[in-house]
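Hi everyone, thanks for making time today.

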Amino acid sequence: VEFFVNCSPHANPDFDGYGGEELALELSNIAENTILPGLNLKQLCILREQQCWMLNIDAEVLQCGGNLSDALCMAILAALDNTKLPAVTVSGGDGEPLELEISDNPYHCQSIDMTNVPALVTLNKIGDCYVVDASLEEELCVDARLMVGVDRSGAVCYSSKAGARGLDPSVVFDMLSKARTIGANLLQSLEPTLKAQATDSMLAPKGIVGFLGS
């Protein structure tokens, strides 16, 4: 699984040329550390120690309005939920070379297991308050921020602190507790939307199109 993020100059003129590389690398690392531990990598295996599916997760930042990391991880989560792995038939063996045949039937596939994939919740500490989904203006006032990956059960899968000022351990525990509640509720509220999207996609009229072309 490979993650790649590009910050477009459309989001901010400062991203032109190499201006957005540092932010793009930071966002890519955050997304990888948040999403990857929750993926069932065994599901990508075709032939053990020989063949597997490779997921390239590419994201383009087109707008910069604050809270980029949380929005990025939510977009990746939604994209993965809509991703299908084509069925693969393995033939050969017993001295003969193995051959892989990929089904061109778009309905002969499996969805990615999203059971343990977490959402990212960033709590921004401004004074004595914690701000979630901060705007650009609010981010300028942040003393410190805590990024927390939370799965459907409310378990913490990832955490990272950023910002110039330190955080007292009691404050960290309080922020983690709030992030767990917010993250679990976020995933719960997002689930019906993703299911509706999947249903609409299946019901939409379409021609006969395979994975490998029309």
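Predicted model: local features only at pLDDT ≥ 70, side-chain atom pairs only at ≥ 80, totals over all residues.

Okay, so find strand E9, residues 119–126. How many bridges join E9 to strand E10, residues 129–132? There are 4, and the two strands run antiparallel. One spot to look at is lysine 125, which stands opposite tyrosine 130 in E10. Together E9 and E10 make a hairpin, with 2 residues between them. In that turn you'll see glycine 127, whose phi is positive, about 65°.

E9 also has a partner in strand E11, residues 144–150. That pairing is antiparallel too, over 7 bridges.

Now, is E9 mostly tucked away or out in the open? Well, 7 of its 8 residues are buried, so the rest of the structure largely encloses this strand.

Let's zoom in on one residue of E9, threonine 122. Is threonine 122 buried or exposed? Its relative accessible area is 3%, and buried means under 20%, so threonine 122 counts as buried.

What's around it? Across in E11, the bridge partner of threonine 122 is methionine 147. Leaving out residues up to four places away in sequence, threonine 122 also touches others, including Asn67, Ser69, Val131 and Arg145. Asp70 is on that list as well, and here the side chains of threonine 122 and aspartate 70 make a polar contact at 2.6 Å.

Technical notes: Residues numbered from 1 in each chain as written. Heavy atoms only, no water. Buried < 20%, exposed > 50% of the residue type's maximum accessible area, 1.4 Å probe, protein only. Pairing = 2+ DSSP bridges. Polar contact = N/O pair within 3.5 Å; in protein donor to acceptor, adjacent residues only side chain to side chain. Contact = heavy atoms within 4.5 Å.
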